[in-house]
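Here's a quick briefing to read with the model open beside you. Have a look at the fold below, then work through the notes by topic.

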Amino acid sequence: MAKEPKGLLYAASVDVETVDALASLGVARYAESIGYHAQQAAEKLVKSVFEKNNEAFPYTHNVSFLLNRAQELGFLSFEEGVLEQASYLSSLISLTRYAESPDFQEGEALEAMRALSAIIELVGEN
């Protein structure tokens with residue numbers, strides 16, 4: 001039986017489930033929320049790596065910064081392409097959280113989902 005996730009890993013899993021649930025209801029309709037929760041899930045996943053290693057994580061929403069710091073500390077190892085995915089997710093925090101009108105489209109939500117998948121894979125491998 002698999003262990004239930006705790007702490008940030010649990011919080012990230014809820015965001016991942018939220019992305020999946022919203023996507024099943026319609027990516028175009030819920031694009032901004034999908035982008036927001038994808039960014040949040042990625043941020044919490046990377047921060048969970050710090051938590052796992054008993055290291056205080058930096059208080060930032062910047063997933064690229066978190067990945068770089070985790071790599072500096074030897075917690076993660078990854079290819080440059082993952083940083084591009086993380087950078088995209090980082091750009092979503094203000095865009096999707098504080099959007100005044102629906103300006104985030106289906107294609108962008110799909111890209112956020114792909115980027116989140118890359119972060120999930122990275123954290124799972126490490």
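In this predicted model, the largest nonpolar core counts 36 residues, and the members touching the most others are Ile34, Leu67, Leu89, Leu116 and Ile119. Helices H1 (7-26), H2 (31-52), H3 (63-72), H4 (80-90) and H6 (106-125) each put in at least two residues. H2 is the top contributor to this core, with nine.

- Leaving out residues up to four places away in sequence, Leu67 touches Val46, Leu76, Phe78, Val82, Leu83, Ala86, Ile119 and Leu122.

**How H4 meets H6**
- The axes of H4 and H6 sit 9 Å apart, and the two helices pack at an angle of about 130°.
- H4 passes H6 in a left-handed crossing.
- On the H4 side, the contact uses Val82, Gln85, Ala86, Tyr88 and Leu89.
- H6 brings Glu108, Glu111, Ala112, Arg114, Ala115, Leu116, Ala118, Ile119 and Leu122 to that contact.
- Sorted by type, the residues of this H4 and H6 contact come out as 10 nonpolar, one polar and three charged.

**Ala86, a residue of H4**
- Ala86 lies in helix H4, and its relative accessibility is 0%, so Ala86 counts as buried.
- Setting aside residues up to four places away in sequence, Ala86 touches Val63, Ser64, Leu67 and Ile119.
- From C-alpha to C-alpha, Ala86 and Ala112 are 9.4 Å apart, with a sequence separation of 26 residues.

Notes
Residues are numbered from 1 along each chain as its sequence is written. This is a predicted model: local features need pLDDT of at least 70, side-chain atom pairs count only at pLDDT 80 or more; totals for chains, interfaces and linings use all residues. Side-chain values use heavy atoms; hydrogens and water are left out. A nonpolar core is a set of buried Ala, Val, Leu, Ile, Met, Phe, Trp, Tyr and Cys residues joined through side-chain atoms within 4.5 Å. Buried means under 20% relative accessible area, exposed over 50%, partly exposed in between (1.4 Å probe, protein chains only). Helices (H or I, at least four residues) and strands (E, at least two) are DSSP runs, numbered from the N terminus. Contact means heavy atoms within 4.5 Å. Axes are lines fitted to C-alpha atoms, for helices over the stretch in contact, and angles run from 0 to 180 degrees between N-to-C directions. A crossing is left-handed if the near helix is turned anticlockwise from the far one by less than a right angle, and right-handed if clockwise. Ala, Val, Leu, Ile, Met, Phe, Trp, Tyr, Cys and Pro count as nonpolar, Asp, Glu, Lys and Arg as charged, and the others, Gly among them, as polar.
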